[in-house]
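I opened a new page for this structure. I wanted to note what I looked up, in order.

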Amino acid sequence: MSLVHANNISKTYCAGDVEVNAIKEVDFAIEPASFVSFVGPSGSGKSTLLNMIGCLDFPSSGTLEVAGTEVRHLDRKAAARFRGENIGFIFQDFNLIPVLTVEENIEYPLLMVQDWTAAKRQERIKELLDEVDISAQAKKYPHQLSGGQKQRVAVARALATHAKLILADEPTANLDHDTAYRIIDLMKKMRDDYKSTFIFSTHDPKIMDAAEIIYTLEDGKLNKQSGSSNHE
Amino acid sequence: MNKILKIAARNLLRYQRRTLLTTLLITIGVTAMLLFVSTSGSFKTMMVGQITDSMLGHFQIHRKGYVSSIDSLPLTMNMKPQMVDKVESILAKHGEVEAWSPRIKLGAMFSNFAETTNIRLNGVDPEKEVEACPELPKRIIAGNKEKLIERGKILIPELIAKGMKVKPGDAVVLVATNKDGSVNGINFVIQGVLEGISGPGGRDGYMHIDDARELLRMEDNEISEIAIRLKNPENLKHVLQDFKENLSQLKNQQGKAAFEVHGWDKLSPFANIANMIDLMTLFIKVMLVSIVLISVMNVMIMAVYERIREIGTISAMGTQPGTILKLFITEGLLLGIVGAFIGSLISIAIVFGLQQAEFSFSFGRQSGLVLYPELAIKDILVASIMVIVVAVLASLQPAWKASRMDPITALRHV
């Protein structure tokens, strides 16, 4: 069964009196533990599509199932609960909470969204800190970290709750190439270790090659193509 | 709740200068209010205590219509003995009444054999008067203080003693007109001089009730008023209500209510000053509420505006709107708690300093009154709770806005 299944979804915005069709009758299915990239130029609809898969936004028409739930009609609270249970986010600007340390940032969804016990939280944080190789920075605050370190923390935070689906909107856009590759490698490793599905958007050709499945978006229309890597 | 408190506290510390300024404003507001409440409250309590404990009692009972004619001290409106007996039997049964003192109020000519002046006098039973007004003997500034008043002697107010150049031990003559219009004069000896206090009756003299009856040639044991002292003055309002209801059943010959009951506040103009103090306290409280409301609201609006992307992030991660609401309200709550706590501590320290300094002041003709402000736990609690509640209310709108924010719009915010 697909983890994400979109059937003829469209998204229309109203910009003043003008209707903008950001996504036009798109169909796709993403299997569990995939490593998927949405690529396309600015304004092609990548972020809109990711937002809809992440239940931050909803299709104007069509059906969208994520983790077995039809998400189109979720209300604000239900959508928040669904995101907290099923989806992790990685942002272009890292979006770590500046008043929390590295380990507290990773702890945030466990504590504030899922209410894990202290012992389980500590165990999970330690595991993730080791996995993303950032244990030495555990007590530091985000402003004391490099960009690559911040994104490692963001990856760990996204994975903390065992999310089935990790969405990353331009996760490497603010990183140099070497760091970007390392982050993509880390995301792949995490996919392999935890069997979470990673969907990321990018317009960097070198990064998009790392994806196993690439969807190209142009003017709200979607084309699928195979990626260069193999998913075993 | 601990997790929310921790994050809220850290968010406040993120903008240290702003948090410090807001806390300082709240602290100043709380301190100003508590100092005003303690000093004005102490002044009010002192003055009210002086008026009730050394002059008026907590409330008084008169024959109906007496108080509106009190300036002329009408002897024709005295209470008859049988009426007094009925009132005293009600007083004796009431559990809140500690003591009462019947009085005859009269006006007389006071002569030192060289000069003559007018004097207002209270004829009292010394034992009963001291029970009803225990602070009265403390007003005796010259002469014998052991017994309030003896037969054949009078206590005169300070003003008359100075004006007429008389002192304790001097002989004087009192001449009074009784209710039938006949005049009588009797020699008295000045037993002591009374310190004058503010308000009506504050410059009255005192004599023994039997001397008053003799001077006025009263055949019956009539009295002008009964001053009553309560066990707990806090209960004055409902005791007054009790007496109004009980005494309204006692009718005069015309079938109308025979008595009237007045609290001290209806008999003394100081009640207006006391009301003014209460009004000013209310005004200061409104100012404090405004300070807290504006400063906390301002700081929270800024906090929400500056953290829009952060709100988007935590919202995207699945944080419920209610949790986001709590996060911001807790920041306001903490500002209120810290400001109220520091303000209360500073106020306690200043009040303690003022108590040690024993500042004296004058009020009306009274001088050398010592300012002894006191801060009741109730006042501190009222100010603190008020500040904390207002701080939370001020955070509500920004917190509500944060919790309702669309995560996509918030994440796009630059």
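Entry 1, the model. I noted that this is a predicted model, in which local features need pLDDT of at least 70 and side-chain atom pairs count only at pLDDT 80 or more, while totals for chains, interfaces and linings use all residues. Residues are numbered from 1 along each chain as its sequence is written, and chains are lettered from A and ligands numbered from 1 in the order in which they are written.

Entry 2, the chain contact. I found 21 residues of chain A and 18 residues of chain B in the contact, where contact is C-beta atoms, placed from the backbone, within 7 Å. On the chain B side, helix 1 (2-14), helix 10 (308-316), helix 11 (321-357) and helix 13 (407-412) each supply at least two residues; helices are DSSP runs of H or I with at least four residues, strands are E runs with at least two, numbered from the N terminus.

The axes of helix 3 and helix 5 (residues 147-159) of chain A come within 8 Å and cross at roughly 25°; axes are lines fitted to C-alpha atoms over the stretch in contact, with angles from 0 to 180 degrees between N-to-C directions. I therefore wrote down helix 3 and helix 5 of chain A as roughly parallel (under 35 degrees). Among the contact residues are A:I106 and A:Y108 of helix 3 and A:V153 of helix 5.

Conventions
Parallel < 35°, antiparallel > 145°, perpendicular 65-115°, else oblique.
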